[in-house]
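Here are some notes from going through the model, in the order I'd talk them over with you. Have the structure open while you read.

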Amino acid sequence: MNALFTSTSRFSFSALALAAMLAGCAVGPRYEQPATAASANWKEQKAAEGWLPAAPADALDRGEWWKLFGDATLDDLAGRVQVSNQNIAAAVANYTQAQALVRGERAALFPSVSLDGSGRRSGTVGGSSTSSPSNSFSVSLGASWTPDVWGRLREAVSSAQANAQASEADLAAARLSAIGDLATNYFSLREADAEIVLLDETIQGYQRAFDITSNRYAAGIAAQTDVLQAQTQLVNAKAERVGLQRTRATYEHAIAALIGVAPADFSLPAAQWTPTVPGVPLGVPSTLLQRRPDIAAAERSVAAANAQIGIARAAYFPNISLTASVGSSNVSRVKDLFSSSNTLWGLGLSVAQVVFDAGAIAANVDSAKAGYESSVARYRQTVLTAFQAVEDQLTASATLAQQEGLRREASAAADKTEQQLLNRYRAGQVSYTDVVTAQAAALSARRTLVQLQVNRQTTAIALIQAMGGGWQAGWMDGAAQAQPATSPATR
């Protein structure tokens, strides 16, 4: 037995030495993160100055960007989304699966060992051939290993790792999207609450105007058309309130689905809405490459595609396999299985090389290269789209902030006009048509101001999402460029 293990050790050492000597022959191209078009500053940043005040980035850097709005109810709902949202749950499962695939690919780098054993008792009965029962036992221990001489297995591990990192980014994107949808629906619901309160106040005013007009008509001072116009205003306002109730219910149902409960089991009571618009720390465009999950996922797809080129190229070279076995067979007693006189052993080395495949390997390599170029193009387009989204939201933020001041001024003027015309109507100086027109204009101005305020909040949410929500892709912070670059011509 000692001689057996000595021979086996020498064989294994020789195989390991051969594998180590040839390890430098890895055929996969070294990975370089693709270059992208990026400027030093945002084009619309100056336009947004003054409308996007500087703000502490603590919440954003921790990823809890929704806390910038200072709404306790939103904070609670965001916590429930992260636990119960089914899209996030699916992304978590996908990430777990990707990590398992990495472990599976990494396991191929190591030898596999198997143990087989069997036992049999046999004999014959009847006639002259009757014999006593006999036992037969066998046991064998086998090992096989495919040295990663050409780097194919390491490239497979690298590809699986890149895909797992892309799944991690997809998980971050799912969270960012789900909480972004939650915040947008939440503030839209609060805006509907504010509009309902506004309409309730307006309906009360319209009811008083209707009563005044009816009294004037009964006294023979006003025409019946004045009463009908006042009634029309009042009924239309009530109808709009009913429509807002439906809109609010729709947002409430959407929030229920996002937090993973049935709409019938969820309700969000009306509450006072504070249209807080937080300042969003912008940083520089280059930070987007680490903070946007979709960019990170696209870059990892490029890395995975790069590894596939090496896997395809490895098919040009022979496959080398090492095997070893030791065991005993046809032994009548169990204790004899471990006797050196009954031991059988074997060592093997196999090499397989494709001699002719009509260009199949070359086609696979070309396909892998094309897949890499396609992933590079998608990555660069994702980056450009991200830059566009940030610039769009910066423009929208600055524009809406300026509009809010103007709309607030217009609403105040419309309120004064409404009150003055109503007083003049009571004095018999104007017709009721003028009052109706002023009332409609005042209500429209008030609702427009409220809608603009929630638009500022939802635009801030969109800007935070465009900035990546504070998430950080650690592997992109120089790690991807640790190896020397390979020019595209050599791929």
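1. Before the helix pairs, one convention: axes are lines fitted to C-alpha atoms, for helices over the stretch in contact, and the angle between two of them runs from 0 to 180 degrees between N-to-C directions. Keep in mind, too, that this is a predicted model.

2. With that in hand, take α9 and α10. Their axes lie 8 Å apart and the packing angle is about 170°. Anything over 145 degrees counts as roughly antiparallel, and α9 and α10 are therefore roughly antiparallel to each other. The handedness of this crossing is left-handed.

3. α10 also packs against α11, which covers residues 432-466. Here the angle is about 160° and the axes are 7 Å apart, so α10 is roughly antiparallel to α11. This crossing of α10 and α11 is left-handed as well.

4. What about α6 (residues 152-218): is it roughly parallel or antiparallel to α10? The axes of α6 and α10 cross at roughly 15° and come within 12 Å. Since the cut-off for roughly parallel is an angle under 35 degrees, α6 is roughly parallel to α10. α6 passes α10 in a left-handed crossing.

5. On the helices themselves: α10 has 67 residues and reaches 92 Å from its first C-alpha to its last, which is close to the 99 Å expected at 1.5 Å a residue. α9, at residues 293-314, has 22 residues and a reach of 32 Å, close to the 32 Å expected. How many residues of α9 are buried? The count is 18 of the 22, so α9 is largely enclosed by the rest of the structure.

6. Now the ends of α10. Alanine 358 has a positive phi of about 60° although it is not a glycine. That deserves a second look because most residues other than glycine have a negative phi. Alanine 358 counts as exposed, at 63% relative accessibility. After α10 comes glycine 428, whose phi is also positive, near 75°.

7. Next, the aromatics. The structure holds seven aromatic pairs. In one of them, tryptophan 42 and phenylalanine 387 have ring centres 5.9 Å apart and planes at 75°, so the pair is edge-to-face. It joins distant parts of the chain, 345 residues apart: tryptophan 42 is in the loop between α1 (2-22) and α2 (45-48), while phenylalanine 387 is in α10. Both partners fall under the 20% cut-off for buried, with tryptophan 42 at a relative accessible area of 5% and phenylalanine 387 at 11%.

8. Another edge-to-face pair is tyrosine 425 with tyrosine 432, because their planes are at 70° and their ring centres 5.0 Å apart. Both tyrosine 425 and tyrosine 432 are buried. Tyrosine 425 has a further neighbour: arginine 216 lies over the face of its ring, at 4.6 Å from the ring centre. Elsewhere, ring pairs link Phe69, Tyr186 and Phe187 into a cluster.

9. Which residue has its C-alpha separated by 6.5 Å from that of arginine 62? It is glycine 470, 408 residues apart from arginine 62 along the chain. Arginine 62 belongs to the loop between α3 (58-61) and α4 (72-84). With 55% relative accessibility, arginine 62 counts as exposed, the cut-off for that being over 50%.

10. Two other C-alpha distances could go on your list. Glutamate 418, in α10, is 8.2 Å from alanine 441 in space, C-alpha to C-alpha, and 23 residues apart from alanine 441 in sequence. Glutamate 418 counts as buried, at 16% relative accessibility. Threonine 232 is in α7, residues 224-258, and its C-alpha is separated by 9.7 Å from that of tyrosine 206, 26 residues apart along the chain. Threonine 232 is partly exposed, with a relative accessible area of 44%.

Methods: Residues numbered from 1 in each chain as written. Predicted model: local features only at pLDDT ≥ 70, side-chain atom pairs only at ≥ 80, totals over all residues. Heavy atoms only, no water. Helix = DSSP H or I, 4+ residues; strand = E, 2+ residues; numbered from the N terminus. Expected span 1.5 Å × (residues − 1). Buried < 20%, exposed > 50% of the residue type's maximum accessible area, 1.4 Å probe, protein only. Phe/Tyr/Trp six-rings, centres within 6.5 Å; stacked < 30°, edge-to-face > 60°. Lys NZ or Arg CZ within 6 Å of the ring centre and 35° of its normal. Parallel < 35°, antiparallel > 145°, perpendicular 65-115°, else oblique. Left-handed = near helix turned anticlockwise from the far one by under 90°.
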